Amino acid sequence: MLLELDGKSVEKWVRWEDTINKGVGKFGIFTQKVKNDIKNTIGPRQTALTIWGERQINWMPSLSKWTPLESLGEDLKIEKTLWKKLKETGYYRVKDLYNPQGIQIPAQNVVGQVGRQYWLQIMALYNILKQRRYSGILNKEDTPLEKLYNNKEDNKKGIARKLYNLINTDKEYMIGIIQTKWEREMTLSAYEIDGLMEGILEIKMDKFRELEMKLIWKWYRTPPQLSYMIKGMNSSCWHCKRGKGYYAHLWCECPMVIEFWQLILEKVNAVCNINLQLTGKILFMGVLGNNKVKKPKQNLFKAMIIAAHAVIAYGWKDASKWTLERWNWYLYEWIQSDILSILTQDKVWEEKTLEIRKKWSGYVRWVREGGANNAILAKLQKVCSWLQI
Ligand SMILES: [Zn+2]
């Protein structure tokens with residue numbers, strides 16, 4: 001969302017948002033005049049820009065060689081056709097107006113290429129570059145965020161993952177954003193958020209790490225948000241069709257999601273020998289754990305909760321996907337990958353199997369007693385006999 005909208009890869013809802021905001025602030029992280037854009041936008045884009053405005057200096061200098069020229073000219077009365085012409089002739093970003101040695105391309109050359117009728121406007125643009133002292137910016141090394149953005153050959157998922165990790169290591173920022181985002185529904189202390197961030201980075205599987213980050217970061221779109229952007233769309237929960245589809249409702253307050261959680265809690269309570277009731281805090285327990293659970297079972301407890309989060313996210317718009325079957329497979333996938341990661345550690349075999357036994361014997365016992373299903377039992381038996389545990 002903060003990244004520049006390049007028109008090709010934009011998601012549908014971003015396009016809607018773009019229409020609503022009339023294209024204002026569409027340069028995302030490269031936007032120069034954030035303050036004006038905040039005033040002129042609404043909805044999620046306004047929120048994103050507000051946050052960006054606060055962190056811009058920490059993450060990236062406000063001036064960048066990647067800044068689109070068009071975003072520099074926001075104050076100038078420049079004809080739309082000129083931007084088009086500039087783009088067509090290869091002058092799209094600040095860096096395009098410099099040669100590889102960092103020397104500015106003479107304005108006359110540019111005028112010659114785009115047409116004499118634009119000379120006055122080109123001169124105004126050059127003047128802005130001069131005022132803002134762009135010289136030297138070409139030779140500056142890319143900041144992590146710029147590198148990330150320009151790594152376009154990476155697949156989209158890879159970029160998103162790197163972005164989450166980058167954001168997640170900026171603690172001060174994370175605490176701010178999480179507190180604001182959860183404000184009305186739940187209060188989290190800075191201490192808790194610190195724990196959340198550390199816990200998230202410890203999750204080994206990319207898939208689940210990303211899921212927990214998105215959940216805590218309130219990344220998942222809700223019906224009220226979408227109805228704000230799309231005319232005529234209903235803001236009710238798309239599962240029960242009655243309650244307002246707020247974030248907390250979708251995750252843990254909707255009668256339908258409660259039904260699913262009850263199935264999971266029954267399993268969790270049996271395995272961990274506790275009596276956990278459903279509250280909103282369940283959304284953080286996948287990472288933070290629960291102090292009522294005995295220490296040896298803590299890993300299993302977290303995995304069970306995160307697997308449940310994964311099932312709910314998978315059926316974000318389709319509650320029929322919320323099944324115990326899927327939950328069991330997510331849980332198995334988690335544990336299997338954890339076992340693999342222990343096995344690839346540089347330790348002696350006995351140490352590794354001891355660690356696996358410590359972490360997961362509770363799970364193995366539970367599956368053997370019929371807690372999961374036969375297919376999982378068969379798979380797990382194979383792993384166990386190979387490991388001799
Ligand atoms: Zn509902």
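**Entry 1: helix H18**

I began with the buried residues of H18, and they pack against H12, H15, H17, H19 and helix H20 (374-387). I call two residues in contact when their C-beta atoms, placed from the backbone, lie within 7 Å. Buried, for me, means 20 or more other C-beta atoms within 10 Å of a residue's own; exposed means 12 or fewer, and partly exposed lies in between, with C-beta atoms placed from the backbone. Helices are DSSP runs of H or I with at least four residues, strands are runs of E with at least two, and both are numbered from the N terminus.

A note to myself on the source: this is a predicted model, where local features need pLDDT of at least 70 and side-chain atom pairs count only at pLDDT 80 or more, while totals for chains, interfaces and linings use all residues. Residues are numbered from 1 along each chain as its sequence is written.

Which residues of H18 are buried? I listed Trp 327, Tyr 330, Leu 331, Tyr 332, Trp 334, Ile 335, Asp 338, Ile 339 and Ile 342. I then checked the length: H18 has 20 residues and reaches 28 Å from its first C-alpha to its last, close to the 28 Å expected at 1.5 Å a residue. The expected span is 1.5 Å times one less than the number of residues.

**Entry 2: the whole chain**

I stepped back to count elements and found 20 helices and zero strands in the protein. Of its 389 residues, 28% count as buried. Among contacts between residues at least 6 apart in sequence, I noted that 53% join residues at least 24 apart.

**Entry 3: the cores**

I looked up nonpolar cores next, meaning sets of buried Ala, Val, Leu, Ile, Met, Phe, Trp, Tyr and Cys residues joined through C-beta atoms within 7 Å. Which members of the largest core touch the most others? Met 304, Ala 307 and Leu 331 do, out of 54 residues. At least two residues of this core come from each of several helices, among them H11 (190-202), H12 (206-216), H14 (247-253) and H16 (282-288). H17 (298-314), H18 (324-343) and H19 (349-368) are also included. H17 gives the most, with 11 residues.

Leu 331 touches Ala 303, Met 304 and Ala 307, leaving aside residues up to four places away in sequence. I also found a second, separate core of 12 residues, including Ile 78, Leu 82, Leu 86 and Val 94.

**Entry 4: H15**

Val 257, Phe 260, Trp 261, Ile 264, Leu 265, Val 268 and Cys 272 are its buried residues, and they pack against H14, H17 and H18. Just after H15, I saw that Asn 273 takes a positive phi of about 55°.

**Entry 5: helix pairs**

For axes I use lines fitted to C-alpha atoms, for helices over the stretch in contact, with angles from 0 to 180 degrees between N-to-C directions. Angles under 35 degrees count as roughly parallel, over 145 as roughly antiparallel, 65 to 115 as roughly perpendicular and the rest as oblique.

How do H18 and H19 cross, and at what angle? Their axes come within 9 Å and cross at roughly 165°, which makes H18 roughly antiparallel to H19. On the H18 side I found Ile 335, Asp 338, Ile 339, Ile 342 and Leu 343 making the contact, and on the H19 side Lys 352, Glu 355, Ile 356, Lys 359, Trp 360 and Tyr 363.

The axes of H19 and H20 come within 11 Å and cross at roughly 150°, so these two are roughly antiparallel as well. Here Thr 353, Ile 356, Val 364, Val 367 and Arg 368 of H19 meet Ile 376, Leu 377, Leu 380, Cys 384 and Leu 387 of H20.

H6 and helix H7 (residues 119-131) pack at about 140° with axes 10 Å apart, and are therefore oblique. Ala 107, Val 110 and Val 111 of H6 make the contact with Trp 119, Ile 122, Met 123 and Tyr 126 of H7.

**Entry 6: two single residues**

Gln 113 sits in helix H6 (residues 107-114). It counts as partly exposed because it has 16 C-beta neighbours inside 10 Å. Gln 113 and Lys 85 are 28 residues apart in sequence and 8.8 Å apart in space, C-alpha to C-alpha.

Ala 48 is in helix H3 (residues 43-59), and with 18 C-beta neighbours inside 10 Å it is partly exposed.
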